Amino acid sequence: MTMLRRFMASAMVVGAGIGGGLSAPSVASAQDYGPNTCRQGYVWRVARASDVVCVTPQTRTNTANDNALAPGRILPNGYCKQGYVWREAWGSDDHTCVTPQTRAQARYDNSQADDRRLAVRLWITSQNGALKVSGNHFNVNSPVRLVFSGAVNKSRTVTATRHAGHAGGSFGFVTGFPGKCAPGNPNSRVHAVDLTSGRRTTSVPFVYCVRID
């Protein structure tokens, strides 16, 4: 028994053209520190204990200051003093009084929350008859190590970069071995490691095609 095809020396990482070939994930998972771990450069906002929206360190500091100053900005009737508005960082029940600019910042940070999470997602499709491994929610411009095990034992390093329609750093790697063959039980797995943070995805199973001589 020999492997039907080996990795092609010219196996490519889909870069500028990823938009047309990187489809929606069929398998998406994360582990280690959980799906709310922030990408490099961001930290949890912690407007309240359960607030894990990823923001800049300066915004987290400003948020803590607003929380501390809030009692002096509120009127006896529960509304804010002139010049302040409710922050609404986690919805209409966040009645912390802040400046209008701070409320606008909270809304913007909420809109960017998914893009800033280091959820490290991985999935498998095929492109032009070859198996393709794609991922998103990695650190931007981070090297990512793809580790294959089982019937095929290989590893390759790709770079996760910005691509429209995908959160964080993303990539599409065409492996060079067949993406389709006779139905069968998965005999191989692949996982990815964000080398900037050390975070890794769960392993995704797939069928590596072999033939009998």
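Q: What does the secondary structure of the chain come to?
A: In this predicted model, the chain has three helices and 14 strands.

Q: And how many of its residues count as buried, as a percentage?
A: The chain has 213 residues, and 40% of them count as buried.

Q: What about the accessible surface, how much is there?
A: The accessible surface of the chain is about 10900 Å², and carbon and sulfur atoms account for 53% of that area.

Q: Changing topic, how many salt bridges are there?
A: The count is eight salt bridges, and one of them pairs Asp 115 with Arg 39, where the closest N and O atoms are 3.2 Å apart.

Q: Where do those two sit in the chain?
A: Asp 115 is in the loop between helix H3 and strand E7, while Arg 39 is in the loop between helix H1 and strand E3, so that the pair links distant parts of the chain, 76 residues apart.

Q: Is Arg 39 buried or exposed?
A: Arg 39 is buried, at a relative accessible area of 6%, and Asp 115 is buried as well, at 15%.

Q: Which residue does Arg 107 pair with?
A: Arg 107 forms a salt bridge with Glu 88, at 3.2 Å from N to O. Glu 88 lies in the loop between strands E5 and E6 and Arg 107 in helix H3, so the pair ties together parts that are 19 residues apart in sequence.

Q: How exposed is Glu 88?
A: Glu 88 is partly exposed, with a relative accessible area of 23%, and Arg 107 is also partly exposed, at 45%.

Terms used
Residues are numbered from 1 along each chain as its sequence is written. This is a predicted model: local features need pLDDT of at least 70, side-chain atom pairs count only at pLDDT 80 or more; totals for chains, interfaces and linings use all residues. Side-chain values use heavy atoms; hydrogens and water are left out. Helices (H or I, at least four residues) and strands (E, at least two) are DSSP runs, numbered from the N terminus. Buried means under 20% relative accessible area, exposed over 50%, partly exposed in between (1.4 Å probe, protein chains only). Accessible areas come from the Shrake-Rupley method with a 1.4 Å probe; for residues, only the protein chains shown count as cover. A salt bridge is a side-chain nitrogen of Lys or Arg within 4 Å of a carboxyl oxygen of Asp or Glu.
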